Amino acid sequence: MKGVLLVNLGSPESPTAKDVKPYLDEFLMDERVIDAPKWLRTILVRGIILQTRPKKSAEAYAKIWWEEGSPLVVISERFSDKLKTQTEMPVALGMRYGTMSIKKAMQELKEKGVDDVLLVPLYPHYAMSSFETVVVKVLEEQKAGFPEMKITTLPAFYKHPEYIKALSESIKDGLEGFDYDHILFSYHGIPERHIRKNDPTSFHCKIDGTCCKVNSVAHNTCYRHQVYDTTEMVKAYLGLQEEQVSSSFQSRLAGDPWLKPYTDYEFERLAKEGKKKLAVITPAFVSDCLETLEEIAMEGKHQFIEAGGEDYKHIPCLNDNDLWVKVMAKWVNDWQATNKLDVVPST
Ligand SMILES: C=CC1=C(C)c2cc3[nH]c(cc4nc(cc5[nH]c(cc1n2)c(C)c5CCC(=O)O)C(CCC(=O)O)=C4C)c(C)c3C=C
Ligand SMILES: [Fe+2]
Ligand SMILES: [Fe+2]
């Protein structure tokens, strides 16, 4: 029987340093997130980052935590519940890190008789630290405990016209009544090194702003290309002008160069350029989370206003938007009926 496995990133159990620490340990010890050799990763993560970050992160989580729990988890559950009403197939939700494990979700599907699974990583774009680590983990769990399960993965859907439509329409709704003079597309950053590492041609990705516009098989795994494609397609859908829109990258860790421009520098640049009313959208995430609700909606607003901006609005992620649920339901139901996927890898 066919079934659907949704996987998102995960969250700590509670916004306390005690619970944030093991969550961050699992997250940052992932070799696809901090891709240093294990001995070095252990020193960096356990010897340095985890000495201070859990307390700081817990304070940030406390600011955005809901009665029902972590926004990312609650929103993912709402999305999953709505999807269940639009498909006959069993649907299970797992998280890459934390206690709502992928293994539990696969067990849930198995108990419902599912042996043919459509894996849906809840990320519009491919990055080894998000999409790829989910796929690898699911395949590891399959090998260890569910050898009879067939796994098919929905590719990154960042430019599928139905996704772009749902995203653009939700942005249009979010912008209503807000007289913006610029829209910033702020994507989660990744180290530049990850882009080169994921380039199968070993020469295409130069991260110089030109390679992403030249067709290449490298774009199938090029996060930078994919996010710029999303910006361009939303811009076209909404009929926005070149100068009304820009893209940037948020949430970097210290150390390596990460994809640029950095969102926090952009807040300052845009304010200094005379943009007074800024709308910010965060399409690397399908669900609002710490990185959107705290870093962008709270800190970002503060940074922009401090730099001379006057008004600021964070437009929510797709979350459990009805059109978005309908799009996902169509993709999974088409797969159920035809065994084919409407979302295809890019070149
Ligand atoms: C778009 C998807 C994501 C990519 C790509 C990604 C890469 C990435 N992240 C870190 C480090 C951290 N990310 C943190 C939070 C976080 N990251 C994503 C998504 C992507 N990360 C989400 C949805 C969240 C929010 C989770 C939530 O519970 O709401 C954090 C933890 C919070 C903090 O301490 O700030 C860290 C750390 C790296 C190093 C990386 C790529 C190398
Ligand atoms: Fe992250
Ligand atoms: Fe590129």
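What percentage of the 347 residues of the protein chain count as buried? The figure is 44%, where a residue is buried if 20 or more other C-beta atoms, placed from the backbone, lie within 10 Å of its own, exposed if 12 or fewer do, and partly exposed in between. The structure is a predicted model, in which local features need pLDDT of at least 70 and side-chain atom pairs count only at pLDDT 80 or more, while totals for chains, interfaces and linings use all residues. Residues are numbered from 1 along each chain as its sequence is written, and chains are lettered from A and ligands numbered from 1 in the order in which they are written.

The overall dimensions come next. Along its principal axes, the C-alpha trace of the protein chain spans about 60 × 50 × 45 Å. A compact globule of 347 residues would have a radius of gyration near 20 Å, and the 20 Å of the protein chain agrees with this; the radius is taken over C-alpha atoms, and the globule rule is 2.2 Å times the number of residues to the power 0.38. The protein chain has 12 helices and eight strands, these being DSSP runs numbered from the N terminus (helices are H or I, at least four residues; strands are E, at least two). Among contacts between residues at least 6 apart in sequence, 75% join residues at least 24 apart. Two residues are in contact if their C-beta atoms, placed from the backbone, lie within 7 Å.

Leu-5 lies in strand S1, which covers residues 2-8, and is buried because 25 other C-beta atoms lie within 10 Å. Leaving aside neighbours within four places in sequence, Leu-5 is in contact with Ala-92, Gly-94, Ala-105, Met-106, Leu-109, Val-117, Leu-119, Val-120 and Val-138. Cys-212 is 207 residues from Leu-5 along the chain, and the C-alpha atoms of the two are separated by 31 Å.

The helices may be considered in pairs. Two packed helices are described by the angle between their axes and the distance between the axes. Here the axes are lines fitted to C-alpha atoms, for helices over the stretch in contact, and angles run from 0 to 180 degrees between N-to-C directions.

Helix H4 (residues 102-111) and helix H5 (residues 128-145) have axes that come within 10 Å and cross at roughly 55°. H4 is therefore oblique to H5; angles under 35 degrees count as roughly parallel, over 145 as roughly antiparallel, 65 to 115 as roughly perpendicular and the rest as oblique. The crossing of H4 and H5 is right-handed, a crossing being right-handed if the near helix is turned clockwise from the far one by less than a right angle, and left-handed if anticlockwise. In this pair, Ile-102, Lys-103 and Met-106 of H4 meet Lys-137, Val-138, Glu-141 and Gly-145 of H5. By class, these residues are three nonpolar, one polar and three charged, with Ala, Val, Leu, Ile, Met, Phe, Trp, Tyr, Cys and Pro counted as nonpolar, Asp, Glu, Lys and Arg as charged, and the others, Gly among them, as polar.

The axes of helix H1 (residues 17-28) and helix H2 (residues 38-64) cross at roughly 130° and come within 8 Å. H1 and H2 are therefore oblique to each other, and H1 passes H2 in a right-handed crossing. On the side of H1 the contact is made by Ala-17, Val-20, Lys-21, Leu-24, Asp-25 and Leu-28, and H2 contributes residues including Val-45, Ile-49, Arg-53 and Tyr-61. The contact has 10 nonpolar, one polar and four charged residues.

For helix H6 (residues 161-175) and helix H8 (residues 223-238), the axes come within 9 Å and cross at roughly 60°. H6 and H8 are therefore oblique, and their crossing is right-handed.

Some backbone details remain. Most residues other than glycine have a negative phi, and most peptide bonds are trans. In the loop between strand S6 (245-250) and helix H9 (263-272) is Pro-261, joined to Lys-260 by a cis peptide bond with omega about 0°. Ser-251 lies in the loop between S6 and H9 and has a positive phi, near 65°. Ser-251 counts as buried because it has 20 C-beta neighbours inside 10 Å. The phi of Asn-319 is also positive, near 50°. Asn-319 lies in the loop between strand S8 (311-314) and helix H12 (322-338), and is partly exposed, with 18 other C-beta atoms within 10 Å.
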